[in-house]
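Subject: Handover of a structure

Dear colleague,

Please find the structure below, together with its sequence. My notes on what was found in it follow directly after.

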Amino acid sequence: MPERETIVAAVEPVLTPLGLQLFDVQFTGSGRARTVRVVVDRDGGVDLDAIAASSERIQPVLDDLDLGDFALEVSSPGLERPLSRPEHYRRAVGETVSVKVRDAGGEARRVRGELVAADERGITVEFEHDAEHVDYDQIVQARTIFEWGAAPKKDQRARKRAQKKQKEVAR
């Protein structure tokens, strides 16, 4: 099967006219049970019509790559989306994330909070009283967290943090 990059290069141009971005390409199974999973996204999310339209455009492109027998699966990343590449993290800035981190000693722990920054080296997660920078090579697994109900606006979060700090200083 061609490399992931070959499929990405072939699929991205057919998604752009639909207003979609390629979120990920995954491979599962083997032999006649091989599946090429193409995950698409756009600001505001995707609906079934977008999934169907992208599937119709992607299938002929993959057929031209002569992948052999495979099933095509096109989906959205979902509400709680996995984060694995720097561009995934950059798109998730401002969202609540759960990140499983492994330190140099091999100990694993989970960090949960607001993703406030993502660059080429790693991410910064802010939680109650602190923020932590985590390099990508320390991340074992990460995903966004969907929280039911209306999320407070960022300026409200900042105001609450400032009020909390003022209370702590006043003590």
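A hairpin of three residues links β5 to β6. The model is a predicted one, and in it these two strands, β5 and β6 (residues 122–127), pair in the antiparallel sense over four bridges.

As background, strands of a sheet pair through backbone hydrogen bonds, and they may do so in a parallel or an antiparallel way.

The chain as a whole

The protein chain contains four helices and eight strands. Along the sequence they follow the pattern α-β-β-α-β-α-β-β-β-β-β-α. The chain has 171 residues, of which 33% count as buried. It exposes about 10600 Å², and carbon and sulfur atoms supply 49% of that area. Among contacts between residues at least 6 apart in sequence, 53% join residues at least 24 apart.

An open sheet is formed by three strands in the order β1-β2-β3, with mixed pairing. Its edge strands, β1 and β3, each pair on one side only. From one strand to the next, the twist averages 20°. β2 and β3 run parallel and are joined by five bridges; within this pair, Val38 stands opposite Val74 in β3.

Two helices pack on the sheet. α1 touches β1 and β2, and its direction makes about 140° with that of β1. α2 touches β2 and β3, and its direction makes about 145° with that of β3.

How do the axes of α1 and α2 cross? They come within 9 Å of each other and cross at roughly 145°, and the crossing is right-handed. The residues that meet there include Val11, Val14 and Leu15 in α1, and Ile58, Val61 and Leu62 in α2.

In soluble globular proteins, nonpolar side chains tend to be buried together. The largest nonpolar core in this model has 20 residues, and those with the most contacts inside it are Val11, Val38, Ile58 and Leu62. The elements that give two or more residues to this core are α1 (4–15), β1 (21–28), β2 (35–41), α2 and β3.

Which residues does Ile58 contact, leaving aside its neighbours within four places in sequence? They are Val11, Val14, Leu15, Val38, Leu72 and Val74. Apart from this core lies another, of 15 residues, among them Leu83, Tyr89, Val111 and Ala142.

A residue with a positive phi

One further residue deserves a look. Asp66 is found in the loop between α2 (48–64) and β3 (71–75). It has a positive phi of about 55° although it is not a glycine. Most residues other than glycine have a negative phi. Is Asp66 buried or exposed? Asp66 is exposed, with a relative accessible area of 65%.

With kind regards

Terms used:
Residues are numbered from 1 along each chain as its sequence is written. This is a predicted model: local features need pLDDT of at least 70, side-chain atom pairs count only at pLDDT 80 or more; totals for chains, interfaces and linings use all residues. Side-chain values use heavy atoms; hydrogens and water are left out. Buried means under 20% relative accessible area, exposed over 50%, partly exposed in between (1.4 Å probe, protein chains only). Contact means heavy atoms within 4.5 Å. Accessible areas come from the Shrake-Rupley method with a 1.4 Å probe; for residues, only the protein chains shown count as cover. A nonpolar core is a set of buried Ala, Val, Leu, Ile, Met, Phe, Trp, Tyr and Cys residues joined through side-chain atoms within 4.5 Å. Two strands pair if DSSP finds at least two bridges between them. Axes are lines fitted to C-alpha atoms, for helices over the stretch in contact, and angles run from 0 to 180 degrees between N-to-C directions. A crossing is left-handed if the near helix is turned anticlockwise from the far one by less than a right angle, and right-handed if clockwise.
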